[in-house]
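Work through these exercises with the sequence and the model side by side. Try each task before you read its solution.

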Amino acid sequence: MRKNLTLLAIIFCLIFIASGAFAMVPRVKFPEWNKTNIILSDWDPIKGILTITVEIEANKIPIEKCYSQPYLQSNFNKLLSKYEKENIKQGEKAVFTHKLNIKNNSENWLEMDVRAKPDIAGMKLLIRSEHTNNPAMREILEAEANNIKSPVFIGTSMPILTRDDIALSATPELAFTPTFIDNGTKYYMWTPLETADNKTTNAAIKLFLESVKEKDVKKIEATCQNLIKRFDTDKRSIVVKKKTETGSSNKQSSEKGKSSANQIRFAIPTKTVLEFLKTDLVCMKAILNKNPEELESAYKEMKPGYHKAFTAYNLYALFKSLKKDEKAETYKKEALKELPAWPALKN
């Protein structure tokens, strides 16, 4: 009896497979129909007010029923502010400005609930133009477009770090800090943490940090290149261990559960580590050799990212220290264009 049931089950599965019930569904994705930017546009550390600007551009088709609403993790259920716009014509954009009360020298998580409804007729035209030679995909996407009855999520979740000098969308472990000082001028660097799971990598990080303190260009270059090579070869991420407030307050948990609840682990991707270390190296060499032209050349080759804004700041500070004020002002503007919530640089 059991054998017969097993045989029947196998036949049943084979029929389903043959009929395509288990076939892979093609990936369905709408064409890009909007351009949305969420920017930390200003930060007042004294008053504790962070300004966030949300830009929703109808760059390809008209947009309807768009709104923007932020939530902070620390008071997630509290409505902070909500702005709405009924229609955005093609080629135009809506701009919403949120002002949040947030503690200085704190880290938080921000949920940006931004939504908008694409114009269905416009979306269908966009689908047809993008999938001219794929009628099957065109039919699937048009059917999906017809099912859009309410605004679609186009927002994001982002970490928020507030300090006396700057507000960043980053965790403290990924933040550049003004810790490298040369002849009284502060420069921004990224400091790798000695928390990698690999002991050899930790030892290499320690040697690099010691050479930075000594400000020996040759040692900095040798230890940094060694670290870059190690991460490039090893491909292991830096694993960060952090204590959590919720875990430490849970008195009723067992000692074993308590220690695990007190700690969270997350990894910094190897690609990010390599990018930041290379930025550190080129900045420190240029600063110690008083060679801003070398750093300018590297800056122009850099991919977009907030590490590039800190390189622009370092160029500003280096040119300023060399009494080249016009050049310094150029890079100050570049840095603020990328990271406008930077009161220390604005002032």
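**Exercise 1. What pLDDT does the chain average, and what share of the residues score at least 70?**

Solution. This is a predicted model, where local features need pLDDT of at least 70, side-chain atom pairs count only at pLDDT 80 or more, and totals for chains, interfaces and linings use all residues. Residues are numbered from 1 along each chain as its sequence is written, and side-chain values use heavy atoms, with hydrogens and water left out.

- Start with the term: pLDDT is the predictor's confidence in each residue, from 0 to 100.
- The chain averages 84.
- A score of at least 70 is reached by 80% of the residues.

**Exercise 2. Find where confidence is lowest and where it is highest in the chain.**

Solution. Helices (H or I, at least four residues) and strands (E, at least two) are DSSP runs, numbered from the N terminus.

- Confidence is lowest in helix H1 (residues 2-18), with a mean of 41.
- It is highest in strand S1 (residues 35-44), at 97.
- Now look at residues 1-25: pLDDT stays under 50 there, and the model has four contacts beyond four places in sequence for them. Contact means heavy atoms within 4.5 Å.
- Residues 246-261 also stay under 50, with seven such contacts.
- Where pLDDT is low, the predicted coordinates should not be read in detail.

**Exercise 3. Why is strand S3 described as largely enclosed? Name its pairing strands.**

Solution. Buried means under 20% relative accessible area, exposed over 50%, partly exposed in between (1.4 Å probe, protein chains only).

- Nine of the 10 residues of S3 (residues 63-72) are buried, so the rest of the structure largely encloses this strand.
- Two strands pair if DSSP finds at least two bridges between them.
- S3 pairs with strand S4 (residues 83-88) in the antiparallel sense, over five bridges. Tyr67 stands opposite Glu84 in S4.
- S3 also pairs with strand S6 (residues 106-118), again antiparallel, over eight bridges. Gln69 has Asp113 of S6 as its bridge partner.

**Exercise 4. Is Lys323 buried or exposed?**

Solution. 

- Lys323 lies in the loop between helix H10 (306-321) and H11.
- Its relative accessibility is 72%, so Lys323 counts as exposed.
- The phi of Lys323 is near 65°, a positive value. Most residues other than glycine have a negative phi.
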